[in-house]
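The exercises below are to be worked with the sequence and the coordinates side by side.

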Amino acid sequence: MSAPSTAITLANLATHYPALQIVLPLVTAPLVVLLRGTRLVWLIAFAVTLACLGIAVDLYAQVLQQGEISYAMGGWAPPVGIEYRVDRFNGLMLILICAIAAVVLPFARTSVEKEVADNRLSLFWAAWLLCFTGLLGIVITGDAFNVFVFLEVSSLSTYALIACARDRRALTSAFQYLIMGTIGATFILIGIGLLYMLTGTLNMADLAERLPAVTQARTLNAAFGFIVVGCSLKLALFPLHLWMPNAYAFAPSAVTAFIAATATKVSIYVMLRFFYTVFGAEFSFGSMPLGEVLMTLSIIAMFSGSLVAIYERNVKRMLAYSSVAQIGYITLGISLATTSGLAAGMLHLINHAMIKAGLFMAMGAVVYRLGSCRLDQLSGLGKQMPWTMAAFVAGGLSLIGVPLTTGFVSKWHLASAGFGAGLPLVPVAILASSLLAVIYVWKVIETAYLRAPLENATPVKEAPISLLIPMWIMVAANFGFGIQGTVIWQAVQQAAVQLTGGV
Amino acid sequence: MWAADLPPYIPFFAAALVMALARSHALRAAVGVLVPVLGGLHLWFDVAPGLTTYRTLFDMQLMPFRTDQLSLLFGYLFHIAAFIGMLYALHVRDRVQQVAAMLYAGSALGAVFAGDLLTLFLFWEGLALTSVFLIWARRSQTSFKTGQRYLIIQVLSGVLLLAGSLMIYRDTGSLAFNHIGLDGVGSWLILIAFGIKAGFPGLHTWLTDSYPEGTPTGTVFLSAFTTKVSVYAMARSFPGTELLIYVGATMACFPIFFAVIENDLRRVLAYSMINQIGFMVCGIGIGTELALNGAVAHAFNDVIFKGLLFMSMGAVLQMTGKINGSDLGHLYKTMPKTTLLCIVGAASISAFPLFSGFVSKSMVMAALLETHHEWVWLAMLFAAAGVFHHAGIKIPYFAFFAHDSGIRTQDPPWNMLLAMTFSAVLCVFIGSYPAVLYGLLPYDTGYSPYDATHVLTQTQLLFFSAGAFVWLQMKGLYPPELRSVNLDVEWFYRKAAPAALGFAASIGKPLQFAWRFMVSGLIDKITDWLNSHHGMEGTLARTWPIGSMVLWVSIMLAAYLLLGYV
């Protein structure tokens, strides 16, 4: 593609949207540190997030109209320069990340006041914006090494965000996450390095062209192994999920809501990008026994995660284990290695982001009032915080997969994809592990609605409206997209077709 | 009044919302009584059969609102039942009960007018989730536990329905809620789902377990909707399924024995409810036009007279705080109006000529003879005599007459009396002018209940049945009302499986040992294993040191690398 004129004018602004998508939050981050005033800082962060959402929507619209967008960063043409590429899949991912950020930010403003020390607030927002930048960067870039760079940007800022919590256990959790995350990123880097060694290029499209001609099969296999394990670690695929429950449980609630909905999803995106665009489905699922391994691990994750969640007493940690199970659903769809399985996995990726963002926000509101989210302390909370707990119930229904919710839509398509692939055991596993979800969601409902409040507990008020509105927006999205289930489904189907090389 | 294609459950749900928010009790009460009246009038005057609305959910076409002769009949019925129930509960100031009752009635209407299985499923689960609050509203430890058991079974029924529907959808590509018939696994699942809610033998324990635990007013609602929605669903999906004739006959007969020895009078009514549903299920199983007419007409009447009986027992419970036959007696002196109304209900359920039960039950009986099921006919005749025994005589006799229990009370508040009177008038009216009800039935069969054979058979039956009761009482042979717990099928769930193995063990000790060792041990092992792996400090749940996490990473890497080399 001919590089657009590098000078940015108002007239050609839209052609520079891919760059702005990243640059905007990136330059705002240091600005936020310099400004220091909390109120203004938040406003700027929110404005930038909204701008990013606008850009993401516009980029997706452009993709729908004109097909893939390729943007040469700084005018350096690929494969030498860094290329940003937007297609139907990462266009959707960009919207997802921006939308989640835009909904969680207003929530975060109130929530972090309680959970983060005041003197750290501006640093907190800077880290938040960097994390946001990193996630967007991973998704938008078409350069393998650039993926690693942005992965580090988002990961390092996530460790900082988690460590911001007042709870001191957050420090050790963040440290664990740091070690594991760094190992994961290093593995990905080693894999990329091996690919570079084989082909002499880092551009993904270029890699895809040159890899089939590569003769050193063992090096290629090793590169694949390193990248798969690195991604599995980052996306918390069983048994590499061990860093996640504590990181989610002890991070500030708003951070949990944000990263639970985006960070693991972005890692899944990276994995899919490498599977399909770089290595090609033929190699990933044909030469390597990826499908079988992934399916086994996914099914174990679905059951193990849910079973631990049933026994868990800290609700945030319960939801984290439930995420382990839900990620199992996503990778299960991917492991089917069919277009409809891939699309169903993508659909659940998006839907699960909506579900978990809503649920973690509900728990964030509980933490805001109670200072804790231990299950037994939730007794009688259904009366004291009716709107918050109603949001949790609604989100829980979607998590279980009750009809009219997004959870049902994606499980339905996952089950159909399983049938379509000739594996009737897949729907059975989905149904059985959904029943486990009923149990742990019910445990929370039973405690909140049917138990009398603890005797020594001081009654609490409903969460402030600034927490309730974002939470209910997510709940509404869960039901809205559950009833209008075709909207996202068609989008991800097209994305899956494009990713598998159909169009 | 409003748009004809507005589904009837919408006003009910809206009313529930208003009631949930309204502070004034008067407003809540007024809304509760008015909405069923307005909704019923609207349905009667504005809504014609043959109306359908469509919605599309992903690639499935749904039909959330569909009217025909059958669904309209149940629609009228549920409006009447909701009105009677709300009037009866007018004095109740418990917001939870009011809202739950409204949502419950709305769900029943939604289910009846559902044109596809997915919509049916939604309202099916709605019935379960809303009605359980009428049990929990008693706010005792027992009612809480009972409610939980009730909920589990009801939700299970819904899950079976969903699973069956999805299977049918996969096979036929259609979710239409029409004739299904027993054909394939999906349809069996659906029939079992319906069967749970209808109280099929062996699946009925939730009914006799939970209805006596509801609040005095709540049980009136419970008795009206859940089972009748199921009867409706069966009449639509499984008419003419031979199996149902025998299921129905069993349902009609076996509860009689339990009802005769049961002491809790509301539980007696719960058993007699299963017995009445037996007549309907049997009618559906026969599947001729006359039989189907009989089944739905009997469902219509049953809601009203069973409601009347539950209301009179609710009044007794409310005024005296007691409901066991052994504690009651001689109340006719102080509760004369309730006594009279209860007797009208008892006469109706026993199918006395000129009361409503007669005009519908005789249709099922006639259909049995027409289709040459003589043996079943005899069984049903026995069941009809049994009803008279336990519901027709036992209920009024032990509550209002029998020995003097020393209780002195008075008739219940005006609204309860009014609701009962309304039901009683309906019972007599339908019994005397059956043409009105017949005009609403799905088929035109030109059937007339008042011919010499029917009247004579039924009167003889009742006469001898009453004679038997009197004779047994005088001889002191009638099972006395004792404070006892009757064992029902639930005993099998709880005790029989181990006991059966215990029997096996009596053949040889080794067997018992093996059972202990293998099965019990296995169950213990599984729970231990789950706990040790997934429990709070279990292998999979505890916080791991970083070294172990990294170990897993290297294991995974090694695995992938090895796989790559193979």
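**Exercise 1.** List the buried residues of α19(A), and check the length of this helix against its residue count.

*Solution.* The buried residues (a residue is buried if 20 or more other C-beta atoms, placed from the backbone, lie within 10 Å of its own) are A:L467, A:L468, A:P470, A:M471, A:I473, A:M474, A:V475, A:A477, A:N478, A:F481 and A:G482. The model is a predicted one, in which local features need pLDDT of at least 70 and side-chain atom pairs count only at pLDDT 80 or more, whereas totals for chains, interfaces and linings use all residues. Residues are numbered from 1 along each chain as its sequence is written, and chains are lettered from A and ligands numbered from 1 in the order in which they are written. Next, the cover over the buried residues of α19(A) includes α3, α14 (339–370), α16 (386–400), α17 (406–420) and α20 of chain A; helices here are DSSP runs of H or I with at least four residues, numbered from the N terminus. Finally, α19(A) (465–483) has 19 residues, which at 1.5 Å a residue should span 27 Å, and this agrees with the 26 Å between its end C-alpha atoms; the expected span is 1.5 Å times one less than the number of residues.

**Exercise 2.** Describe how α3(A) packs against α4(A).

*Solution.* The axes of α3 (88–115) and α4 (121–140) of chain A lie 10 Å apart at an angle of about 170°, where axes are lines fitted to C-alpha atoms over the stretch in contact and angles run from 0 to 180 degrees between N-to-C directions. The pair is therefore roughly antiparallel, a word used for angles over 145 degrees. In the contact (C-beta atoms within 7 Å), α3(A) uses A:N90, A:M93, A:L94, A:I97, A:A101 and A:V112, while α4(A) uses A:F124, A:F132, A:L135, A:L136, A:V139 and A:I140.

**Exercise 3.** Is A:C131 buried or exposed, and which residues does A:C131 touch?

*Solution.* A:C131 belongs to α4 of chain A, and A:C131 is buried because 27 other C-beta atoms lie within 10 Å. Not counting residues up to four places away in sequence, A:C131 touches A:S154, A:S157, A:T158 and A:L161. The C-alpha atoms of A:C131 and A:S157 are separated by 5.3 Å, although the two residues are 26 residues apart along the chain.

**Exercise 4.** How many residues does each chain bring to the contact of chain A with chain B?

*Solution.* Chain A gives 33 residues and chain B gives 26 residues. On the side of chain A, the largest share, ten residues, comes from α8(A).

Conventions. Two residues are in contact if their C-beta atoms, placed from the backbone, lie within 7 Å. Helices (H or I, at least four residues) and strands (E, at least two) are DSSP runs, numbered from the N terminus. Angles under 35 degrees count as roughly parallel, over 145 as roughly antiparallel, 65 to 115 as roughly perpendicular and the rest as oblique. A residue is buried if 20 or more other C-beta atoms lie within 10 Å of its own, exposed if 12 or fewer, and partly exposed in between; C-beta atoms are placed from the backbone.
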